[in-house]
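Dear colleague,

I am passing on the structure we spoke about, and below it you will find notes on what turned up when I went through it. Please read them with the coordinates open beside you.

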Amino acid sequence: MAVYTQLNDTDLTAFLKDYDLGELVSYKGIDGGIENTNYFVTLKNDGVETEYVLTLFEELSYEELPYFVELCQWLSQRNIAVPFAIQDRNGIGLKQLKKKPAALQPRFFGEHVGQQELTPEHCAAIGQVLGEFHVAAEDFYLERQAHRGVFWWRRESELIRSKLPEDDQTLLQEEVVRFDQLREQPGDIKAGTIHGDLFHDNVLFQGTDVSAVLDLYNAATAYLLFDLAIVANDWCCRPDGSIDSAREQALLTAYAKARPFTQDEYKAWPVLTCTAAMRFWLSRLIPWLDENSEQKLKDPEELKQILIYRRNNPSQLP
């Protein structure tokens, strides 16, 4: 149970006094979170009960959070279904509770779909939503460098080299260099605000329709196509690391209807699918190789196999 900060009735009643949303009915800690504490909170207003999600941020500082608060409010105002900090009667969305940054957000309903249950219809749905996300954030006025972007993977790939087999050292270094070469002469590869972590478990579905996109705390300013590559590698992969072309083409075609690709993006796609696989392979390798790591371990071999497949079977944008 990922409830790091325990709350009681008194804590919540005091917190909710700043809002005009009704009286506290009940609350319950939410299972499954890794970085934050989350509660379902039910309020009654004029006889109607409404559920919200209260998040206490355990890792991000109060100073780091305004970017994410502003982004989520910006996207929500443009009809992108993302959680956002509800403003209190004084227009403040980012609050404090138990000396932690906190936000009260609307609750979205829907189901997570397992990776191997994803269909071309699911992939088309998220492709459309991601394209609309990128268009909606086109004029967003804040920028943020990715916490695990190019400078991070340059540094970390060097730090773990000696712990890797020679073939893995070579594979990792070649992909770092390939991205650097692309970055030196990007041409018309569009950059903007990306989700940065849009794996299948960060989306809720009702049927094959997306009901919400969750967990925007890796959002940053980067190549939009890199964001799409993260999605393609996760949503379209088979258990052996190969890519299901039907799912991928459904994803890419739907995305392009919302945000058409540039000519330079057609050339960059095979490289960026490898970059995306390399970035998450590396982030899984680091705690895997650290005997003292307390992070939840995910198998890096999965991303390595996707990377190898992408190198040997470059795909093309439709």
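By a nonpolar core I mean a set of buried Ala, Val, Leu, Ile, Met, Phe, Trp, Tyr and Cys residues that are joined through side-chain atoms within 4.5 Å. Please keep in mind throughout that this is a predicted model.

On that definition, the largest nonpolar core has 80 residues, and those with the most contacts inside it are Leu75, Ile126, Trp153, Leu228, Trp235 and Leu251. Helix H8, residues 263-289, supplies the largest share of this core, with twelve residues. A second, separate core is made up of 17 residues, among them Leu16, Val41, Leu54 and Leu97. Returning to Trp153, and leaving aside residues up to four places away in sequence, one finds that Trp153 touches Arg148, Val176, Phe179, Phe226, Thr275, Met278, Arg279 and Leu282.

As for the chain overall, it contains nine helices and nine strands. Its radius of gyration is 21 Å, close to the 20 Å that the globule rule gives for 318 residues, so the chain is as compact as a globular protein of that length. Taken along the principal axes, the C-alpha atoms fill a box of roughly 60 × 45 × 35 Å. Of the 318 residues, 51% count as buried, and the accessible surface comes to about 15,600 Å², with 46% of it belonging to carbon and sulfur atoms. Among contacts with a separation of 6 or more, 71% are between residues 24 or more positions apart.

Two polar residues also deserve a look. Asn202 sits in the loop between strand E6 (191-194) and strand E7 (203-206), and it counts as buried because its relative accessibility, 9%, falls under the 20% cut-off. A polar atom of the Asn202 side chain lies 2.8 Å from the backbone oxygen of Asp197. Not counting residues up to four places away in sequence, Asn202 touches His195, Asp197, Ala212, Val213, Leu214 and Asp215. Asn202 and Val113, which are 89 residues apart in sequence, are 9.8 Å apart in space, C-alpha to C-alpha.

The other residue is Gln169, which is placed in helix H5, residues 166-184. The Gln169 side chain reaches the backbone oxygen of Arg161 at 3.0 Å, and, with residues up to four places away in sequence again left out, Gln169 touches Arg161, Ser162 and Leu164.

With best regards

How values were computed:
Residues numbered from 1 in each chain as written. Predicted model: local features only at pLDDT ≥ 70, side-chain atom pairs only at ≥ 80, totals over all residues. Heavy atoms only, no water. Helix = DSSP H or I, 4+ residues; strand = E, 2+ residues; numbered from the N terminus. Polar contact = N/O pair within 3.5 Å; in protein donor to acceptor, adjacent residues only side chain to side chain. Contact = heavy atoms within 4.5 Å. Buried < 20%, exposed > 50% of the residue type's maximum accessible area, 1.4 Å probe, protein only. Rg over C-alpha atoms; globule rule 2.2 N^0.38 Å. Areas by Shrake-Rupley, 256 points an atom, 1.4 Å probe, with all protein chains shown as cover.
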